[in-house]
Amino acid sequence: MNLILLGAPGAGKGTQAELLVKKLSIPAISTGNMLREAMAKGTELGKKAKQYMDEGALVPDELILGIVADRVAQPDCRDGFILDGVPRTLAQAEALEAKGVKIDHVVSIEVDDAEIEGRMTGRRVCSKCGASYHVVANPPKTEGICDSCGSALITRKDDAPETVRRRLKVYHASTEVLKDFYAKLGRLRTVNGSQSIEGANADILEAIGAQV
Ligand code: ADP
Ligand code: ADP
Ligand code: ZN
């Protein structure tokens, strides 16, 4: 099963992707995590992406499409994958279709902008594996330490309130149109993201018809 998780920054895409990985036994592909890893390693891709990410702007489509096409071609994606944070523009969605990347369900996780800021100020992410936590809503077992890999948790620079507002604007201007695009293809499923993490996860599993 090939899935896309769509939603504003902070809607819970990363959190839900981690839960789905465990329940569906397919990998999650987060372009945000891949780009942050490239930045940390100082690769060419990382250097090219840094300024856009710091400003809360989108990284150019051609950089994104290259890394996604390579990743979905890996053997662990044979039985399916979860795209988290990609596609984010109509051009990215069209390019995936053109490349023959088959998508079964596009789950839009809906959360009002007003709720996003609180989520972002409390977000902590793993510096190594990218796992997402929240100081109140989803704390790690040991403060500052990732449950899954034991590495240090950090605050993302682009989670500063001003940059979050910029990213929300970008979402509404460039990404939200994808809901129409996938609705017309009959693949859009909409889920209420303003509920508990477990509640949203149960709704996602139901929306994609998963038997777990
Ligand atoms: P995204 O990947 O869409 O940007 P995350 O999964 O990283 O979002 O979630 C953003 C923040 O909100 C994180 O701190 C996360 O722990 C928290 N969060 C995720 N889902 C919920 C929820 N249902 N209720 C409250 N907080 C949540
Ligand atoms: P969030 O989880 O808060 O939605 P991400 O980790 O998905 O944020 O993305 C962080 C930043 O990485 C974005 O603001 C953007 O600069 C860049 N980025 C990630 N995925 C894409 C993409 N598919 N297209 C363009 N830029 C992207
Ligand atoms: Zn980790």
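A residue counts as buried under 20% relative accessible area, as exposed over 50%, and as partly exposed in between. Keep those cut-offs at hand for this tour of a predicted model.

**Stop 1: the zinc ion**

Select ligand 3, the zinc ion, together with Cys126, Cys129, Cys146 and Cys149. The SG atoms of these four cysteines are the protein donors, and they lie 2.3 Å from the zinc ion. Along the chain, the donors follow the spacing C-x2-C-x16-C-x2-C. If your viewer reports angles, check those between the donor atoms around the zinc ion: they run from 98 to 118°, which makes the arrangement tetrahedral. For four tetrahedral donors the ideal angle is 109.5 degrees.

Which of the classes does Cys129 fall into, buried, partly exposed or exposed? Cys129 has a relative accessible area of 38%, so it is partly exposed. Cys126 has a relative accessibility of 4% and therefore counts as buried.

**Stop 2: ligand 1**

Move to ligand 1 and show the 19 residues that surround it. Closest to ligand 1 are Thr15, Arg123, Ser132, Tyr133 and Gln195. By class, this shell has ten polar, six nonpolar and three charged residues.

A backbone N or O atom of Gly10 is found 2.8 Å from an oxygen atom of ligand 1. For Lys13, a polar backbone atom is 2.8 Å from an oxygen atom of ligand 1. For His134, a polar backbone atom is 3.4 Å from an oxygen atom of the ligand. How much of ligand 1 does the protein bury? Taken alone, ligand 1 exposes 560 Å², and the protein buries 91% of that. Colour helix H1 (13-24) and strand S6 (132-134): these are the elements that give two or more residues to the shell around ligand 1.

**Stop 3: ligand 2**

Select ligand 2 and the 21 residues around it. Thr31, Arg36, Ala57, Gln92 and Arg167 come nearest to ligand 2. Which helix gives the most to this shell? That is helix H2 (residues 31-41), with four residues. The shell around ligand 2 has nine nonpolar, seven charged and five polar residues.

An N or O atom in the side chain of Arg36 is 2.9 Å from an oxygen atom of ligand 2. In the side chain of Arg123, an N or O atom is 3.0 Å from an oxygen atom of ligand 2. On its own ligand 2 exposes 560 Å², of which the protein buries 96%. Arg123 was also listed among the residues closest to ligand 1.

**Stop 4**

Go back to helix H1 and pick Gln16. Its relative accessibility is 4%, so Gln16 counts as buried. Follow the side chain of Gln16 to the backbone oxygen of Ile197, which it reaches at 3.1 Å.

Finally, select Ala8, in the loop between strand S1 (2-6) and H1. Is Ala8 buried or exposed? Ala8 counts as buried because its relative accessibility is 5%. To end the tour, draw a distance from the C-alpha of Ala8 to the C-alpha of Ile204. The two residues are 196 residues apart in sequence and 16 Å apart in space.

Definitions and conventions:
Residues are numbered from 1 along each chain as its sequence is written. Chains are lettered from A and ligands numbered from 1 in the order in which they are written. This is a predicted model: local features need pLDDT of at least 70, side-chain atom pairs count only at pLDDT 80 or more; totals for chains, interfaces and linings use all residues. Side-chain values use heavy atoms; hydrogens and water are left out. A residue is near a molecule or strand if one of its heavy atoms lies within 4 Å of it. A polar contact is a pair of N or O atoms within 3.5 Å; within protein, one must be able to donate a hydrogen and the other to accept it, and residues adjacent in sequence count only if both atoms are side-chain atoms. Accessible areas come from the Shrake-Rupley method with a 1.4 Å probe; for residues, only the protein chains shown count as cover. Ala, Val, Leu, Ile, Met, Phe, Trp, Tyr, Cys and Pro count as nonpolar, Asp, Glu, Lys and Arg as charged, and the others, Gly among them, as polar. Donors are N, O and S atoms within 2.8 Å of the metal (3.2 Å for Na, K and Ca); water is not among the atoms, so sites may look incomplete. Four donors count as tetrahedral if all angles lie between 85 and 135 degrees; four count as square planar and six as octahedral if opposite donors are over 155 degrees apart and all others between 65 and 115; anything else is irregular. Buried means under 20% relative accessible area, exposed over 50%, partly exposed in between (1.4 Å probe, protein chains only).
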